[in-house]
Amino acid sequence: FLSSRNITKIPGRFGKEAVSISTASAALTPATDLLLNFENTEDYDCTGNYRIFSSNLTRTDDTIMGKYAALGKGGERGLEVRGSSGSMFGREGPTGSFTLSFWLNPSLAENGENVLSWRSSRNMENIPVYQMISAAFFNNKIEWTFTNIFSMSNSVKNISFSGKSMIIPNVWALHTLCFNEETGLLEYFVNGKTEAVLYTTANGRENTGVYIPVLGFPADIEIGSGFTGKIDDFCIQQTVVPPDYRQVRFNPSGAYFESKAIG
């Protein structure tokens, strides 16, 4: 190529290379806390805020974004990442607004397969209180659980909910969870379509008494324990980024390439 933009090379027919428009992969922004795109063999996190503590996931080129995704084979342990002191899960205290998103392609979608698991504890009035954040399969849906996470003064609010749509095995889907600390609005989307909406308030409706997420002692995030299938572009952003219901797979700005002169 003499010049090109948003172009990538992929396997083509008869073992030859083919040219394709680049995928619309998650990009680093100033608000990105964690980005696991699995493109780099040595360090999956693009932000540098987290380091890989252990991993039983493998890379695969059967992906939805970029050239590689992570493959889980149902092992008891998945990918464990440990946050630095400046990361959201590497310090104690309120998280603020956040967006958690990932592409998922499950092979089985069986009960108990975990996409995300975080377990820790927090001292409340000098009493240790167990904390958990979980996204796991239950009845062919993703069930989100927040145990002793959302707090207001010295009280906590436990939250558990699932999406409306059934998870289809062997199909890629983008899952997005958004929390707005100002309103207490917690939204769950699949492929940009709303699956669940609730408020983390005392009466479950929009008002001024918002329970906000407060994390205790820093602990590892475990991704894909017991999970069979593929996951890609696992991303945490410390702001609200609602997905577009017209979710695109390829770079929306288009692409081009210009060849050198052919003699």
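Strands (E, at least two residues) and helices (H or I, at least four) are DSSP runs, numbered from the N terminus. The model is predicted: local features need pLDDT of at least 70 and side-chain atom pairs count only at pLDDT 80 or more, while totals for chains, interfaces and linings use all residues. Residues are numbered from 1 along each chain as its sequence is written, and side-chain values use heavy atoms, without hydrogens and water.

**View 1. The loop between β14 and β15 holds Asn170.** The strands on either side of this loop are β14 (155-162) and β15 (173-180). Asn170 has a phi near 65°, a positive value in a residue other than glycine. Its relative accessibility of 55% makes Asn170 exposed (buried is under 20% relative accessible area, exposed over 50%, partly exposed in between, with a 1.4 Å probe and protein chains only).

**View 2. The loop between β12 and β13 holds Asn139.** With a relative accessible area of 45%, Asn139 is partly exposed.

View 3. Of the 263 residues, 45% are buried. Among contacts (heavy atoms within 4.5 Å) with a separation of 6 or more, 66% join residues 24 or more positions apart.
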